[in-house]
Amino acid sequence: MLKFLKDNLKKIVMLAFAYTYVLFVAVVPIDYAVTAPGGLTSMNTAFVIEGHDMPEEFYTIFVYSYRPITRFQYYLFKNDPKMIVSKMTPAQHQNTIIDEFRKGQISKFYSYQTALIHAYQMASEKDDSIFIDYGFEGLSIYSYPRRLTEITYGDVVIEIDGKSYEDYEPEAFFNLSEHQNVQYKIKKASGEIYEVTYEQIANDLPFGFFEKYEIYDAYPHFETPGLSSLTGGPSGGMLQTLSIYASLLNINIGDKKITGTGTVNYNGNVGRIGGIVQKIYTAEWANADIFFIPISHYPEIMDIKVSFEIIPVFTIEEAADWLYENFY
Amino acid sequence: MKTFIDRLFKDFQKYKNLTKRINEYTTVSTVTRSILGAMFIALIIIAIPVIIVINMFIYTKLTFVLSIILVLLVMTWVQLYFYFYYVLLKNYHEEIRAINTRIPQYVEFAFVNIFIVMIAIIVFVIIF
């Protein structure tokens, strides 16, 4: 063996260099992230509504986000129109995968609550036996400067500069948070209350919030088993709302596969999301029939050839009305 | 069918006899060194293809095909491991060079790979 190594030393050294280079390219991460097409999640098991079947035809879409990627992946994906390769943001640098997972779960919780509230409210206009009672309970922390170690994801801001959430409409209270120097009173899930004085400094991750709603009572009663799934994020809000709405009003969708994407805020506006192009390709691969999209995203995808019908909407009411008129 | 089973049985008997003969010459030290060396060489050979396949898992449409390729690569690693194990063992013990190690190599490879395929099928059924 040693004789073989000595005889072929030159070739072995050259091979070792080539090997190390390939290994380096395929293993060492670089400062880039990629967003790639993902898959569909059925809304059928996400909610359980007493006395109603959840329709099987509604699906939310998820995309995959990987970071950091290797140089090999960078070369592979940079010219692929179905992928977005971009430099990592400061937030992506500072947040761990666990942080991202927690953020995804918080935004999903917000999305579920908002979907239930909107769906019940819209359905109650068609059927007055349906009702929902809920209240605004502060701002759920979704992003924060990492130097503020006392804060954890999901803590709820109940006072901003001495002003309580109880005295404000959700949007007005949300707007109070847009200060660079501010004092927050925050409530943890355990009930413990603490105060944080925040002075913005350079390279700080900004504070990010979702309005926190508590649903006190609703008829028909509901459960949300989908909250325990691993996928997260707020972009399924529109489809979650539509699936609950269709369930409450027993709308028969037939064999159409309905999907789409878009957050829904307190006012019912459908908001922008990340990875819209990748979501369009995911829907195409999954043989979708109808795709709901925030109207502001429509110009970005109108040149992509797809085999399904695209419904651009500005508000969740528009989407629900379209569904009601076409399938009820 | 009967001939095939007979052949299998015959090969298994040969395997038992050959391993018995090999074990007469080997020591714990040389076997340990051969195992570690074979694992290392097989790993060096298989590492780059495995890493490249793992790098490509972002293509969701290819997940199933890539998973099968990954299983095949693991099976190749097992094959390489047993090949280099006997090469190194022969290197340490000249007496073994005359013994046909191909049958022990294939029999052990087959046993391990049956186990790997079973695990792979269970994992595939759960995931896909």
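User: In this predicted model, which strands does helix 8 of chain A lie across, and how is its direction to be read?

Analyst: One reads such a packing from the strands touched and from an angle between directions; here, in chain A, helix 8 (residues 276–285) lies across strand 1 (32–42), strand 3, strand 4, strand 12 and strand 15, and runs at about 40 degrees to strand 1.

User: In what order do the six strands of that open sheet stand, and what is the pairing?

Analyst: The strand order is read from one side of the sheet to the other, which for this open sheet of chain A gives 4-1-3-12-15-16, with mixed pairing. Strand 4 (84–87) and strand 16 (309–313) of chain A are the edge strands, since each of them pairs on one side only. On average, and with direction ignored, neighbouring strands of this sheet are turned by 30 degrees against each other.

User: In which sense do strand 3 and strand 12 of chain A pair, and over how many bridges?

Analyst: Strand 3 (residues 58–66) and strand 12 (residues 258–260) of chain A pair in the parallel sense, over three bridges, and Y59(A) stands opposite T259(A) of strand 12. Helix 7 (residues 237–248) of chain A also packs on the sheet, where it touches strand 3, strand 12 and strand 15 (290–294), its direction making about 160 degrees with that of strand 3.

User: How many residues of chain B are in contact with chain A, and where does the largest share come from?

Analyst: A contact between chains is read from both sides: eight residues of chain B meet 16 residues of chain A. Helix 2 (residues 28–55) of chain B supplies the largest share of chain B's side, four residues, and by class that side has four nonpolar, three polar and one charged residues.

Note on methods. Residues numbered from 1 in each chain as written. Chains lettered and ligands numbered in written order. Predicted model: local features only at pLDDT ≥ 70, side-chain atom pairs only at ≥ 80, totals over all residues. Pairing = 2+ DSSP bridges. Helix = DSSP H or I, 4+ residues; strand = E, 2+ residues; numbered from the N terminus. Axes fitted to C-alpha atoms, helices over the stretch in contact; angles between N-to-C directions. Contact = placed C-beta atoms within 7 Å. Nonpolar A, V, L, I, M, F, W, Y, C, P; charged D, E, K, R; others polar.
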